[in-house]
Amino acid sequence: MEAAPFACSSCPSSSASFLPSFPVTARSLSSSSSLLFRRNNFRRNCNYYAAKFKSPRNLSVRASGDSVVTLLDYGAGNVRSVRNAIRYLGFDIKDVQTPEDILKADRLIFPGVGAFAAAMDVLNKRGMAEALCTYIEKDRPFLGICLGLQLLFESSEENGPVNGLGLIPGVVGRFDSSNGYRVPHIGWNALQIKTDSEILDDIGNHHVYFVHSYRAMPSDVNKEWVSSTCNYGVDFIASVRRGNVHAVQFHPEKSGDVGLSILRRFLYPKSTIMTKPTEGKASKLAKRVIACLDVRTNDEGDLVVTKGDQYDVREHTKENEVRNLGKPVELAGQYYKDGADEVTFLNITGFRDFPLGDLPMLQVLRYTSENVFVPLTVGGGIRDFTDANGRHYTSLEVASEYFRSGADKISIGSDAVYAAEEYLRTGVKTGKSSLEQISRVYGNQAVVVSIDPRRVYLKNPNDVEFKAVRLTKSGPNGEEYAWYQCTVNGGREGRPIGAYELAKAVEELGAGEILLNCIDCDGQGKGFDIDLIKLISDAVNIPVIASSGAGATDHFSEVFMKTSASAALAAGIFHRKEVPLQSVKEHLSKEGIEVRI
Ligand code: 1PR
């Protein structure tokens, strides 16, 4: 299986390569079944796997020191962010190679990645499921993250039912999107602390970062485990704790200072060096504020952050040079400190320069992810490519390289337009587009589609076959309507598809989020295109990021009050230091819009 980004679980990955999982019976799901019963049942299942797959045995294990944490990275995904956070907190990492490594660990972190069935399959095949159960039953220090929490339950409905480790009663199910809640659940949400959870002390009023489509529900049979819940349409389990065993559904390694403080409490239990996080007021899913860095190589060959006006990034001088607004790693680090909820890098010449040839971009991701503990998205050039030597790269390989280098989400622009056009023309999902392949392997929460539409004014909405909107402000010749034509190659080529049609098609093809730009508004500082953002955010059930045109704090409150956007992204005002990120947050907060402070 390909590496998956940190965003685990639980996502509707339909990869068919999983081995059959053991059957889930009504009895095994019965709420009255005892832990012992489940463990016996589990051991029978393990024996079945042990017979089928020989696990490596008797390999020597180094003793772990005080500042070493053992990491269970079963090879199904990229856990770079977790590694970076552990190292940042002063710990070395010892990777689990064998089941014995688990049993001998002093402190074990299990950042589950990928889909539930695939993860259980790997754990069973390598004999690690049994070792994990033994380790946890002995109350050894354990921290499961995201899928690492879900796997502790009896079973999951993700591509299932599929049996889990069976340590906690309950079934992991999918969020219901029919009640207006967008799935995946992506973003910063609040915790309701239920019991003394130790690692979550003082965290209750803060936001932490979630990204998942599946969740476990609190009930009478698992209430002694539940240390916190979170509300997203329903109250679901956000964390569990019993003795030294902890697991969290959210991502501490992506939850900024608050997340680092949770990890620190796990790594340094009972330490006196804790710094209390500042007072928080979190009560629900926050609207996100995202800083975007358009990156390209300038004429001197340096990778710089640039910024266009309606996508034109060159200065209007005799030299006509590429606008240079700073260094990508430095700016990303600054925005993280300023309180950005996410950082997005767009490799804007990726459509013509092959990104894997563009190694500085990968370096930018690697360096940034060492110190930036909020989600990183990277886009540009994600498509199949044959290099000058005739070597063919699939879009999946390009995406994998981005993920391995520290991206949590990838963003597809031009290639998603071609895929949507093809899908709308044939009505067939081939499964072969970059969008479908990457979302199947990594989960749809890891795939953003970036749309670059341009307004086309109309006198009459019936003049085109695409969805048109009545404009709040009429066009240059008094036109009352417009449709939004999608473009490719950085706005250079208009395509026969509207933003509305594209958004609905890519949602069906597996996009987990939409980054909605607007060429007309880009760099203008006059506000977001509310008509466009309302049109798209009302049309899909996945989160929409409003982009292009922010010029003042009011523009952010306007977009959140008038549309269903989940996040707002800006570039120019942050790069030019016209409006500090913190003042955007403060303004939104004053307007009664929940944000992460
Ligand atoms: O087609 O898969 O290679 O992806 C290319 C990516 O690069 C796309 O996401 C596309 O949006 C982006 N891109 C290509 N050319 C440009 C350009 O500016 N010449 N940048 C470009 C798009 C738009 C926003 C911008 C907001 C906010 N930039 O991301 O940051 O409009 O700006 P503002 O706050 O200053 O108004 P592919």
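How do the residues lining the second largest cavity divide into nonpolar, polar and charged? I went to this predicted model with that on my mind.

**Cavities**

I searched the whole structure and got four cavities of 30 Å³ or more. I picked the second largest cavity, which holds about 50 Å³ of space. Its lining is made by F175, D176, N179, Y181, V183, Y232, G233 and V234. To settle my opening question, I sorted that lining by class: five residues are nonpolar, two are polar and one is charged.

Next I looked up where the ligand is, and found that the ligand sits in the largest pocket. Two elements, β15 (288–297) and β29 (567–570), are the ones that give two or more residues to the shell around the ligand. I noted 24 residues surrounding the ligand, with K307, S414, S450, D452 and D522 as the closest. By class, this shell has twelve polar, eight nonpolar and four charged residues.

**Backbone contacts**

Then I checked distances from ligand oxygens to the protein backbone. A polar backbone atom of G381 is 2.8 Å from an oxygen atom of the ligand. For G549, I read 2.9 Å between a backbone N or O atom and an oxygen atom of the ligand. At A571, a polar backbone atom is 2.9 Å from a ligand oxygen.

Note on methods
Residues numbered from 1 in each chain as written. Predicted model: local features only at pLDDT ≥ 70, side-chain atom pairs only at ≥ 80, totals over all residues. Heavy atoms only, no water. 1 Å grid on protein atoms, 1.4 Å probe; cavity = no way out; pocket = protein on both sides within 12 Å on 5 of 7 lines; lining within 4 Å. Points joined across faces, edges and corners; volume = space filled by probe spheres on them. Nonpolar A, V, L, I, M, F, W, Y, C, P; charged D, E, K, R; others polar. Near = heavy atom within 4 Å. Polar contact = N/O pair within 3.5 Å; in protein donor to acceptor, adjacent residues only side chain to side chain. Sits in = over half its atoms within 2 Å of the grid points. Helix = DSSP H or I, 4+ residues; strand = E, 2+ residues; numbered from the N terminus.
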